[in-house]
Amino acid sequence: MSTVNYGPLAELIGTWKGNKGTDIAPEVSGEKNSPYFETITFEAIGTVKNANIQTLAALHYQQIVQHRESGDVFHHQCGYWSWDSKTGVVTHSFNIPRGVAVLACGKVLDDDDLPDVTVIQVSAEDTGFDGGIAQTSFMQKNAHTTAFSQTMTIEGDSLTYQQTMMLDIYSKTFEHVDSSILVRQ
Ligand code: HEM
């Protein structure tokens with residue numbers, strides 16, 4: 001059995017927990033700010049080969065987000081991260097049960113001054129050629145996600161992320177934003 005090189009994604013493998021998440025989400029009359037705790041589990045699943053040319057190393061993950069006060073699950077997400085060792089391209093593809101699926105592409109940002117820190121940036125637009133956003137006709141009409149961008153920063157057993165979803169909802173453009181800090185268990 002050959003060993004898979006997960007490149008920068010190797011930094012993510014494991015179970016992470018955090019209780020410092022903040023979510024800013026749209027409301028009819030403005031916005032709602034929800035503190036949350038969450039668990040994200042990244043599992044190495046090996047390689048996939050495309051068109052006999054491209055080999056991607058992949059992780060599968062699940063993210064469960066709960067209201068800090070009530071413990072109610074209010075966001076559930078699952079998907080894949082992949083890395084192409086030839087091009088350095090990273091993809092993040094995921095589904096949420098609202099009827100939205102995202103394929104975001106990006107890369108690792110190199111910073112020679114911070115060799116122990118891995119920063120991965122990915123993004124997608126609903127009109128994208130490289131990646132994109134698929135959503136139901138209901139969501140296109142009523143709560144349209146037009147763009148997604150995300151930065152993941154990993155330093156040892158600490159993971160920080162920021163993500164922005166641009167939404168057209170309630171007759172306005174809204175920046176739906178999440179940020180969180182997690183620790184590997
Ligand atoms: C930590 C991650 C996330 C949390 C905690 C979260 C939370 C929320 C909350 C509380 C709402 C308002 C729901 C309501 O008013 O009933 C919302 C709306 C929405 N979210 Fe998220 N969200 C997250 C990530 C995402 C992602 C990654 C996407 C898509 C790429 C997304 C797309 C949407 C859309 C389209 C809406 C509008 C639906 C509506 O309010 O009727 N969210 N989210």
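Trainee: Which residues come nearest to the ligand?

Mentor: This is a predicted model, in which local features need pLDDT of at least 70 and side-chain atom pairs count only at pLDDT 80 or more, while totals for chains, interfaces and linings use all residues. Residues are numbered from 1 along each chain as its sequence is written, and side-chain values use heavy atoms, with hydrogens and water left out. Counting a residue as near if one of its heavy atoms lies within 4 Å, there are 23 residues around the ligand, and those that come nearest are Ala25, His75, Arg98, His176 and Asp178.

Trainee: What is the only protein donor of the iron atom of the ligand?

Mentor: Donors are N, O and S atoms within 2.8 Å of the metal (3.2 Å for Na, K and Ca), and a site may look incomplete because water is not among the atoms. At 2.1 Å from the iron atom, the only protein donor is NE2 of His176.

Trainee: Where is histidine 176 found?

Mentor: Strands here are DSSP runs (E, at least two residues), numbered from the N terminus. The run that covers residues 172-184 holds histidine 176, and this is strand β11.

Trainee: Which strand gives the most to the shell around the ligand?

Mentor: Several strands each supply at least two residues of this shell, among them β1 (14-27), β2 (30-50) and β11. With five residues, the strand that gives the most is β10.

Definitions and conventions
Helices (H or I, at least four residues) and strands (E, at least two) are DSSP runs, numbered from the N terminus.
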